[in-house]
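Thank you all for coming; I would like to walk through one model this morning, a few places at a time. Please keep the sequence and the structure open while I talk.

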Amino acid sequence: MKTLSISTFHITFFILLFCTSVFSQNSFATWEENYNNGINAINSKNYKDAISLLQHAYTFAKDTFEKNSEDLGINAYYLGFTYQKTSDFKNAVKYYLESLNIIESNQGKDSVDYINLTSRVSLMYQKLGKYENALKYRESANLAIKKNYGEKSKEYGKALSSLSQIYYYQGKYDLAIPIQNHVLSLYSNQDKKSIEYAIAIYTMSLLYSGITEYNKEIKLLNQFIEILGEDHKNTIDAYNNLSTAYSKLGDYENNLKTCLKVIKNTPENDQNYPTRLLNLAYAYGMLGEFNKSSEIFKKAIESCRSIYGSEHQKYIEIIDAFGQHNYNQKNFEAAKKLQEEALLIFLKVFDENHPKYGFYLNNYTNTLLALNQFDKAIELMKKNITISESNLETESESYYRKQLTLAQAYNKINEYNKALAILSIYTKKLRSKLGSLHPDYGNMLKTLGETYFGLGKVEKAIPIIDSSNQILISQIDKVFKFRSEKEKQAFLKTVNKTFDEIQSLAFKLNNPNNLLNDINLNNQIMLKGLLLNSSKSILTNLSSLGDTLINNKVQTYRSLKNNYSKTLSLPFEERILDIDSLNELINIKEGELVTIHNKRFDEENNFLSDWKTSQEKLRDDDLAIEFSHFELTSNNKLTDSIMYVAYLYKTNWESSIMLPLFEEKQLRNITQGTSPNQLYNSIDLFDLIWKPIEEYTRTSGNIYYSPSGMLNQISIAGIKRDSNSTLSNQYNLIQLSSTEVLSKGQTEPQTTNTLFMGGITYDYSELTESVADSSYAYLNSEILVNSRGTKTRGESWDSLPGAMQEIETLNKLFNSNNKTNHILSGENANESAFKKLSGSSPKVLHIATHGYFYENIESKPQNSFNLSTEDKYRLAEDPLLRSGLILAGANYSWKYGYNPNEEEDGILTALEISNMDLSNTDMVVLSACETGLGYIDGSEGVYGLQRAFKMAGVNIIVMSLWKVPDFETAEFMNLFYSNWLVINNVKESFNEAQLTMQTKYSTEPEKWAAFVLFE
């Protein structure tokens, strides 16, 4: 945070035209030449040369001038001034003091020159952290100012502001605030638009910051900006402090917005540019955007090195912050190296009593703690606390955080009583400073809860954990109100660790605790699909407002997304638009839409989930199962185990229960390299997944379950229970994206209009263009107009004759039941035709085609210009590009990279689907291979086709987990639709179709168990 200089100094450049009688002509000429050249170098801001020239001149003057010569004093002054400009405050104060003694001898202590230079000496000691010395010279200057100008003068008011700033840096707010209130009272009857008054309220804003009254600080800073105006050179300093205040309040939106404004208005050669870049890096880091944050940190380091060199306090600040950035990403060795460098440089310039030393040391000890270097960490923590106490700095946030770090260290070595002694005091103190919703207070509460757990006082621990959990959820709420989906995702990754730790606490309890189970269950219900649910309805809701300006914003956003998708489909050498810039612009536009949506539909944003609202929808014999997985923490240390548990509840239960299931590597060992027939003809999955919960399922009616992690790739219905049965013929299983779906009421798709796509011609013919327009006739049907609103990849895709037979059979079935339906096949089933469905899609959309999916590949090729089309998708960073559907004419693009003859390439990615409006569609049936697969991302589930259709607004999706032969696929689909058209219950119809197929293919689960239906 930058402090304004209260005393303004103007340098008058001049050339001495005389010499003393002591000086020889030659000596004077040499001194005069070096002195004047030094002054010119200052004027050119070439301080390095200025120091050399003035130092040379000073040597001559020292040897030749009289002791109290004014010429020697002026030479010493400008030498001190130049050292100040290079932030060498030790040398600056040395030469200032010499000049000050000469001024005192020649002019006395009441002279203007003496007062001004005394003020400057005070400022130098302040920069060095030697506040007692700073105070001494400040008080001396103030006495002279009061005598010369009077105690009600503006000059004296400015002097008092400088005094309160010193108290601010000492943390003596009880002394500083009354002084500054007195200063403000001096201006009560004067012009409150003056620069002097602006400086006074700026200083008061600093004091409010020191006592954590950030809202008051923000008010004064805005008043300061109003007085000075947007174009004043110091206004940007106020904005810089505003960004920090917003950060302290956890107001991520205004923090980032203000940081970006500050950077935009700060030239790269400005001396404040490095630290303002640092603030921006912090802003992105708090939002979990670590890659972007890293880039800005590196830029800040290079900028600081260029402007100040590598032994400057700003450089120290930035590399320590970069160390913290690495710490937050668990790059502890890198963090340690950077923090050690910061401390080493710091002690070259300052000493251990400087307030900043404790800050840097605290960061370093946190890293040592993460590296399990407990003895060294605790020793340094105690030393750090002692330094603060010797400097009488025991009532600051910084001091409280040092105590928190020590308490966390005690927890790690199981010395919980020592931790409790600290936390019992400082948890209350931190709350009084920051408020009950601040994330730092939440972090201290969580540590206190863990301490009580360590002491075995579970009943005391859980309400505290619950409070810290609520604070964390409130932070998610704040971020989700203005960030794009990718940016929200980055932030969630920074907080998911805490949710995992709370699950770990419950997992390790010998005696389960009902309240803790309920907290964890509610967290999982909230987290599952949180990004999806917060994003999928935004565009539809905004469009429903009928606001022209908003509709234009929505259209611009969709156009940008389309451009992004199309650009990604082009070969690298053919791309005109820059992908990174386009992606950044999309994020900005999406953030704007999220902010508008939040203001217009704020009542829909509720992050406080309650499993009991779903419980109310269960029948007496129903059971709900919320599966969850998490990284296990043990003894306050992260392990390498990913554990799976199940949260169960029934309609008459007062609390939910949590049942431990298995470790993820156990499931991997069972599934890797195993065919579906092998896997689902074995009882291994039953023993691992279902056996631990079987006793609660025996008398159940419907079993509603929501998978998590790898369970998204397991057919729960297909799990073999014993030699004679599977779970699907033992229970009525209903898969949900989250059991929270129950609270919202389950939907039954309508069959009023259906579109079947299949029998697609994958080869490309240039004649396709002449027949394309006629393929859109189905869009003009009255019902559509009036409606509201992998296969292994190779160089080409083979035709699927079974798919054509499938949709023709279904077409006849629907016709016989008087259900309106249309068919898109052959060359007409192209990507352009599909995209025209956006905004006017059918109630049911059935697609029988090839699907593709690729796992994430961590290492990317360095040369990306010669990739095949297949590799272009295989290596894509966006998981929604690594899955998709193959439509008409796709083989040309697949073989040659893109199709210059067509607007669309026939490769319909999940990313493109996600940008469509299919909110009219109740159900999508993907009769294609492996369409249920995708990249699994924490609580968000599968990033693939299922997510894409959910993003587009579809409620119910039918997909497959593996390749199913064409004949059996058609057979299953015919059974499913036949049942549905008769009984009008889609879930029951699906289950009946599976049971029929299972009876027929009892030893071949690959032919029926792959299909999943979920809402």
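Let me begin with a pair of residues: Gly851 has Leu885, in strand S12, as its bridge partner. Residues are numbered from 1 along each chain as its sequence is written, and side-chain values use heavy atoms, with hydrogens and water left out.

Strands here are DSSP runs of E with at least two residues, and helices are runs of H or I with at least four, numbered from the N terminus. Strand S11 (residues 851–853) and S12 (residues 883–886) run antiparallel and are joined by three bridges, where pairing requires that DSSP finds at least two bridges between the strands. S12 also pairs in the antiparallel sense with strand S13 (residues 907–909), again over three bridges, and there Gly884 has Thr909 as its partner.

How far can we trust the coordinates? The average pLDDT, the predictor's confidence in each residue from 0 to 100, is 83 for the protein, and 88% of the residues score at least 70. Over residues 767–794, however, the pLDDT is below 50, although this stretch has 63 contacts in the model beyond near neighbours in sequence, a contact meaning heavy atoms within 4.5 Å. Residues 857–872 also have a pLDDT below 50, with 29 such contacts. Where pLDDT is low, the predicted coordinates should not be read in detail.

Turning to the helices, H15 (residues 313–328) is mostly covered, with 12 of its 16 residues buried, that is, under 20% relative accessible area, as against over 50% for exposed and in between for partly exposed (1.4 Å probe, protein chains only). The elements that cover those buried residues include helices H13, H14, H16 and H17, and just after H15, Lys330 takes a positive phi of about 70°.

In helix H30 (residues 664–671), the buried residues are Glu664, Leu667, Ile670 and Thr671. Seen down the axis, they fall within an arc of 120°, so they line one face of H30, the arc being that of the directions from the helix axis to the C-beta atoms. Strands S2 and S3 are among the elements covering them.

Finally, is Glu450 buried or exposed? Glu450, which lies in helix H21, counts as buried because its relative accessibility is 15%.

Technical notes:
Predicted model: local features only at pLDDT ≥ 70, side-chain atom pairs only at ≥ 80, totals over all residues.
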